[in-house]
Amino acid sequence: MAGRGRALLRWAAISVAIPVGLAGVAAAAVYAIGEMRLDKRFEAVPVTPLRVSKGNAQEGARLVRVLGCAGCHGTSLAGEDFYGTAAPNLTRMARSYDRDHFARLLRTGVRADGTSVVWAMPSDFFAKLADDQIAHIYAYLRSIPQAKDAVGPRRFGLAERFAFLTGSLFLSAEVSRPEQPAAIAPKASESGFGAYFTSVACAECHGFDLAGGDGTPPLALAIQAYTPETFAAFLKTGKTAGGMDNLMMSGVARGRLSVLTNGEVSALYTYLSGLPVE
Ligand code: HEC
Ligand code: HEC
């Protein structure tokens with residue numbers, strides 16, 4: 001009897017140990033696959049020299065707001081946790097990049113060492129950024145005093161690595177869009193302004209075709225509720241045509257779009273109200 005009890009106990013112990021052992025092997029495999037992905041090199045993505053001279057730091061400060069860098073990298077740009085991924089300290093990062101590699105990173109997600117950032121850094125929306133605007137941003141980031149890191153180094157746990165397998169986490173370099181960016185961004189007075197500006201400043205949430213989705217309205221339709229005056233007031237204060245605050249857009253307006261010039265706001269209005277309504 002005693003012998004049989006021991007045998008049963010032994011089987012029980014083994015039957016627990018097998019799944020625990022298998023789970024360990026699976027976890028190690030997920031970890032290793034994640035490591036391979038994070039280490040994947042994209043050196044073939046070209047580093048194209050910017051076709052402009054030194055940027056203007058003041059204009060860079062404005063673009064950093066318009067493009068929402070501070071929304072993820074922290075208001076002082078010293079870094080912030082962005083849904084579990086460390087958006088690093090830009091005052092330090094900009095000093096560790098030369099300007100042309102910085103441009104490649106912004107537009108394609110490929111770091112100086114050839115690895116890629118993960119999707120959370122929206123480089124596919126910056127693929128079209130013109131050379132001069134990148135030069136302004138770079139000049140600004142290097143002009144402000146280097147701050148202490150407000151987040152630790154990036155670390156990917158088992159859950160994030162598992163997300164690589166399911167496809168919900170991916171590398172920015174794998175979704176980067178082939179674009180031929182302009183040397184100089186169109187001015188508000190030029191015909192290309194609306195298409196360019198919306199592609200870098202609105203598409204991130206309203207979609208590349210500005211047709212909306214994921215809780216955002218199609219812009220061709222949304223603009224119908226606005227006159228040039230109420231639209232200008234909306235971008236400055238966040239108050240919609242209906243006089244209310246929106247859940248997200250009012251913050252985007254106040255935090256990012258309130259720094260647009262009057263000329264930019266009216267050119268944007270003209271462009272949006274000229275879009276065909278489906
Ligand atoms: C939606 C959030 C978001 C926005 C907007 C954003 N970033 Fe990031 N950025 C991140 C995250 C998250 C990381 C870290 C990704 C990683 O480590 O894989 C990152 C990484 C970076 C890096 C570090 C690259 C490296 O070598 O590790 C730089 C530089 C950078 N971003 C610059 C910018 C600039 C400049 C802007 C604005 C033009 C910007 N980011 C806008 C989220 C964002
Ligand atoms: C970070 C995401 C984000 C960005 C960037 C963004 N929007 Fe929005 N926008 C939203 C969301 C979400 C809504 C829906 C209302 C809400 O939930 O806040 C919205 C709603 C709107 C509306 C309708 C407001 C109303 O009357 O209710 C307009 C107009 C608009 N956006 C214009 C723009 C323009 C123009 C740009 C670019 C210059 C832009 N948005 C960039 C997220 C964004």
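Predicted model: local features only at pLDDT ≥ 70, side-chain atom pairs only at ≥ 80, totals over all residues.
Let's start at the iron atom of ligand 1. For six octahedral donors, the ideal angles are 90 or 180 degrees.

Which protein atoms are donors to the iron atom of ligand 1? They are NE2 of His73 and SD of Met121, lying 2.0 to 2.2 Å from the iron. This pair links distant parts of the chain. His73 sits in helix α3, residues 69-73. Met121 is in the loop between α5 and α6. The two are 48 residues apart.

His206 belongs to helix α9, residues 203-206, and Met249 to helix α12, residues 249-255. That pair also links distant parts of the chain, 43 residues apart.

On to the helix packing. Two packed helices are described by the angle between their axes and the distance between the axes.

Take α5, residues 99-108, and α6, residues 131-143. They pack at about 110 degrees, axes 10 Å apart. α5 and α6 are therefore roughly perpendicular. The crossing is right-handed. Who meets whom? From α5 come Arg99, Phe102, Ala103, Leu106 and Arg107. From α6 come Asp131, Ile134, Ala135, Ile137, Tyr138 and Leu141. By class, that contact has 8 nonpolar residues, 3 charged and no polar ones.

α6 also packs with α2, residues 57-66. Their axes come within 7 Å and cross at roughly 100 degrees. So α2 and α6 are roughly perpendicular too. Among the α2 residues in this contact are Ala57, Leu63 and Val64. On the α6 side, the contact includes His136, Tyr140 and Ser143. Ile137 and Leu141 of α6 take part here, and they also meet α5. The α2 contact with α6 divides into 8 nonpolar, 4 polar and 1 charged.

Last pair: α8, residues 193-201, with α13, residues 262-273. The angle is about 95 degrees, and the axes are 9 Å apart. That makes α8 roughly perpendicular to α13. Phe193, Gly194, Ala195, Phe197 and Thr198 in α8 face Glu264, Ala267, Leu268, Tyr271 and Leu272 in α13 as contact partners. The tally is 7 nonpolar, 2 polar and 1 charged.

How values were computed
Residues numbered from 1 in each chain as written. Chains lettered and ligands numbered in written order. Heavy atoms only, no water. Axes fitted to C-alpha atoms, helices over the stretch in contact; angles between N-to-C directions. Helix = DSSP H or I, 4+ residues; strand = E, 2+ residues; numbered from the N terminus. Parallel < 35°, antiparallel > 145°, perpendicular 65-115°, else oblique. Left-handed = near helix turned anticlockwise from the far one by under 90°. Contact = heavy atoms within 4.5 Å. Nonpolar A, V, L, I, M, F, W, Y, C, P; charged D, E, K, R; others polar. Donors = N, O, S within 2.8 Å, 3.2 Å for Na, K, Ca; no water.
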